Amino acid sequence: MTNRIFKKYTDMKPQSIITIFIIGLVAFSCGQKPEGVEGKKARLKEAEAELKELQSEISTLMEEITAEDPDFAKPVDNSTLITTLAAKKSHFEHKIQVRGNVESRTNVFVSSEMMGQLTSVSIREGQYVKKGQVLATIDSDNLDKTIDELTNQLEFATTIFEKRDRLWKKNIGTEIDYLQAKNNKESLEKQLATLETQLAKTEIKAPFSGVIEQVPVKQGEIIQPGAPVAFLVSNADMYISAEVSERYVGKFKKGDATQVTLPSLGEEFSSVITSVGNVINPASRTFTIELRLPKVDSYLKTNLIAQILLTDYTSEEAIVIPSRIIQEDLEGNFVYLVNGKKAKKVHVELGQSYDNHTEVLAGLTEGEVVVDKGNRTIGDGSLVSIKD
C-alpha cells in the first residue's frame, strides 16, 4: 500500500493530499446505504482509524520525500520580486542646452576713408601687423601740391598779420585791417590742417595688432570710401555669443556658471555669463547672452560652434526619483510604494526632469519606500518581496 500511495502522491503538496483523502472518505461514507445509527457509528470509527493510518503514512512519506527533495515542503510564494529606493531630499538642477559661436570684437575689415588710386599694398594674407602699421597708401599728389600752395599762402598771411599786429599795438592803422589780416591767417591755418588730415588718410593703417586674413584689393585699383582693403583678425578680445529663447527671460544673470563644449575640437571647459541682452529679437524671439572664452590658442578661432549648458532651475531640497519608474494612467502620473508586503499605487505631482531624474512636487514624502525594478509587473495591492 505504501508503494501505491507513494507513486500516486509524491508530486502533490501535503495539504492537497490530506484534502483529497478526507473528501474521498466523505464520498465513500455518503455512498453507503443507511445502516442505522449504530452502523453509522461503526463506520465512523472505521473511517477515523483509516484516516489516522493515512495521516501517519502521509507523515512518513513527507519525511522521506523532504529528505530527498528539500524544496518539496516549502510553501508557494506568489509575491513579485522587486527592488526599492528611499525617497529623500537632495540638490536638483535643470539645465538647457543652446548653441553659440566664438566671436571677436577685434576682427574687422579695414577700409579706406577716401577715394583714390592705391599706390601701394604692403601686406599679404597671414602677415602679422602691429597697431599703426601702414597697410596700403592712396595717391596723394594733388593733396601734396595743394598743401604746398597753402603753406606758402599761410607764410605770407602770417607776415602780414604780424606787421598789422605791431602797428595796431602802436595805434597805427585801422582795426578792420588788423582783423582782416588775423582772419586770413587763421582761415589758412584751418584749411591747411584739414588738408593734412586728408593726407594722413591716404595711409591706411592697422587699428590694432593682428593677423591679415584677407587682402581683397591690388595695387593700382581705384577704391571708394568704405571699400575694404584688408580683413584684420585679432585674438585680443574674443567671446562666445548665443541666442536664448524668450521663455527663459529672467532665468539667467551676469556671473552665472556655465559649461561649454567645442564639438569640432572635442574640448570642454567651464565659463561664466558676462552679459545678458535686454532686447528681444522680433524675428527669432530670442535674446543674446555672452560668455567668457579662455585664452587658449586652439579655442581662439572665430565662428567655432559652441554648445552651452545653462542652469535655469535649482532646488536644494527636492525629492528626486528616476524618471523610469514613473507611470501614467487616466488620473495622472503615479509610482508604487511598499506598504507592508503589498504594493500601493500613489499619484504624484511632477516638476522638472533632467538627466533621467524627475522632481516630485507632491505625493511623496521623505523616507517613503518606492518600488524601483519590477514596478511594471505589479499592480495596486500586489504581493511583493524585496530583493536584498
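Student: How many cavities of 30 Å³ or more does the structure hold?

Tutor: Rolling a probe the size of a water molecule over the atoms shows where empty space is left. On a 1 Å grid over the protein atoms alone, a cavity is a set of points where a 1.4 Å probe fits but cannot get out, a pocket is an open set with protein on both sides within 12 Å along at least five of seven lines, and lining residues have an atom within 4 Å of a point. The structure holds 2 such cavities. This is a predicted model, in which local features need pLDDT of at least 70 and side-chain atom pairs count only at pLDDT 80 or more, while totals for chains, interfaces and linings use all residues. Residues are numbered from 1 along each chain as its sequence is written, and side-chain values use heavy atoms, with hydrogens and water left out.

Student: Which residues line the second largest cavity?

Tutor: The lining consists of R164, L167, W168, I172, G173, T174, D177 and Y178, around a volume of about 30 Å³, a volume being the space filled by probe spheres set on grid points that are joined across faces, edges and corners. Helices (H or I, at least four residues) and strands (E, at least two) are DSSP runs, numbered from the N terminus. Helices α4 (141–169) and α5 (175–201) each supply at least two residues of this lining, and α4 gives the most, with 3 residues. By class the lining divides into 4 nonpolar, 2 polar and 2 charged residues, where Ala, Val, Leu, Ile, Met, Phe, Trp, Tyr, Cys and Pro count as nonpolar, Asp, Glu, Lys and Arg as charged, and the others, Gly among them, as polar.

Student: What is the order of the strands in the open sheet that contains β9?

Tutor: Strands of a sheet pair through backbone hydrogen bonds, either parallel or antiparallel. Here the 4 strands run in the order β4-β11-β9-β6, with antiparallel pairing, and the edge strands β4 (108–111) and β6 (128–129) each pair on one side only. Two strands count as paired if DSSP finds at least two bridges between them; β9 (residues 210–214) and β11 (residues 228–233) have 3 bridges in the antiparallel sense, and V211 stands opposite V233 in β11.

Student: Which elements give two or more residues to the lining of the second largest pocket?

Tutor: About 190 Å³ of space lies in this pocket, and its lining includes V211, E213, F231 and V233. The elements in question are β9 and β11, with the largest share, 3 residues, coming from β9. The lining has 3 nonpolar, 7 polar and 1 charged residues.

Student: How many residues does the largest nonpolar core have?

Tutor: A nonpolar core is a set of buried Ala, Val, Leu, Ile, Met, Phe, Trp, Tyr and Cys residues joined through side-chain atoms within 4.5 Å, buried meaning under 20% relative accessible area with a 1.4 Å probe and protein chains only. The largest has 26 residues, and I123, V129, L135 and I212 are among those with the most contacts inside it. The elements giving two or more residues to this core are β7, α4, α5 and β11, and the largest share, 5 residues, comes from α4. Leaving aside its neighbours within four places in sequence, I123 is in contact (heavy atoms within 4.5 Å) with V129, L135, I212, V215 and A230. Apart from this core lies another, of 23 residues, among them A242, V244, Y248 and V260.

Terms used. Buried means under 20% relative accessible area, exposed over 50%, partly exposed in between (1.4 Å probe, protein chains only).
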